[in-house]
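Have the sequence and the 3D view ready.

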Amino acid sequence: MKAIAEQLRRSGLEDILGKIHDGRRLGYDDGMRLYTTPDLTAVGYLANLARERRSGDRTYFVRNLHINYTNICNKLCKFCSFYAAPNSQDGRGYVLSPEEAAARVTQYAGEPIREIHMVAGINPKLSYDYYLDLLRAVKAARPDAQIKAFTMIELAQIARVAKRSLVEVLPELQAAGLAACPGGGAEVFSERVHEELFRAKLDNEGWFEVARAVHRAGIRSNVTMLYGHIETVEEKVRHLLHVRELQDETGGFMCFVPLAFDPSRTELAHVPVTTGYANLREIAVGRLLLDNVEHVKAFWIMITPGVAQMALWYGADDLDGTVSRYEITHALGTRSHRQVLTVEQLLDLSREVGRVPVERDALYNLVEQPAALSSRLRSGPLEADR
Ligand code: V47
């Protein structure tokens, strides 16, 4: 204990330990110090305290499937390699019909998938009925799975084409099968970054407004932060504090998902890929500043399974899932070289580092396991059972 206190003192983080112990909130300056100290193990130690206080040894995972129903997008974000511009002649653009999306789901009929994650580009040709039919078709193909779909940007577009308010549209989307929303589109809440990288997209205030409407409708969502491009440390700290403020107001965020920028095939191809050191820090600082968000996800597909595994000791309590078919960055992606992990591999990642894997659904309800499987999944007692 003395050695840890000494290490924290040397890295100038001793007072943060005191704040965590007393349940006092961290502020902007704390965030800056957590981002700038070279001593990542000290930051990780603190983040792990916060992680274990919430989740004990648990690591959540989900059996999930991603569907990107169209890559046609009129937002032209500079960080994106996924989109095809609406009138582009290069033949890359596609739209899945509701039936085709349902057929994708049917391909996994033998697997106990719990979450279907659907996000896509902003394709101006899609009608309100298309979105409703898409949800209905996917839900009909897999009634036992929950659909986590549409970023705040897509929801703003859906309300626009419906020519109605979100307050009116959201219950209809829910009735068609929407259970939760992913956290994308948040990028970095900074006017400068918005202006430089994603000017055509909803701005920060707009994102907050949609998130408020979603949470007020009783739909829970995640929230992301895209890092490793042109953002500054100050902007990341402010992003996290904005998320925390909004969470104080609505309580609707389930999980924080830091997304590591993959520069390949984007307009920012010159930007170096993020390091394991940087990826672990994003997880840890997110865990420490977001004291009111229940979960922090290590999205292995972007940061590699190995770093995601380490992240389970740096603040993360969620490994996402089996993620069949992630297409947002995989095209020639340098990172997502392994597109699918089997459940066994996911469990092993967690168990190898002494964490207890627990299966969840899209809303973080624990999935009841048949007794035999359950003893394999939970190699130790859950905190709530202790
Ligand atoms: O908003 C786009 C990001 C997001 C790149 O909620 C990129 O559990 C890295 O929302 N390199 C969409 N990222 C994906 C998304 C998501 C993903 C995983 C889990 C969850 C969740 C949500 O993908 C976009 C953008 O921030 N993105 N381009 C890129 N080159």
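How far does a backbone N or O atom of Gly185 lie from an oxygen atom of the ligand? The answer is 2.7 Å.

## About the model

This is a predicted model, where local features need pLDDT of at least 70, side-chain atom pairs count only at pLDDT 80 or more, and totals for chains, interfaces and linings use all residues. Residues are numbered from 1 along each chain as its sequence is written, and side-chain values use heavy atoms, leaving out hydrogens and water.

The pLDDT (the predictor's confidence in each residue, from 0 to 100) averages 92 for the protein, and 91% of the residues score at least 70.

## Around the ligand

The ligand is surrounded by 23 residues, each with a heavy atom within 4 Å of it. Phe79, Gly183, Gly185, Glu187 and Lys297 are the closest.

Polar contacts (pairs of N or O atoms within 3.5 Å) turn up here too. In the side chain of Glu187, an N or O atom is 2.4 Å from an oxygen atom of the ligand. The protein buries 97% of the 620 Å² that the ligand exposes when taken alone, using Shrake-Rupley areas with a 1.4 Å probe.

Strands pair if DSSP finds at least two bridges between them.

Strand 1 (residues 58–62) pairs with strand 10 over four bridges, and Tyr60 sits opposite Val358 in strand 10.

Conventions: Helix = DSSP H or I, 4+ residues; strand = E, 2+ residues; numbered from the N terminus. Polar contact = N/O pair within 3.5 Å; in protein donor to acceptor, adjacent residues only side chain to side chain.
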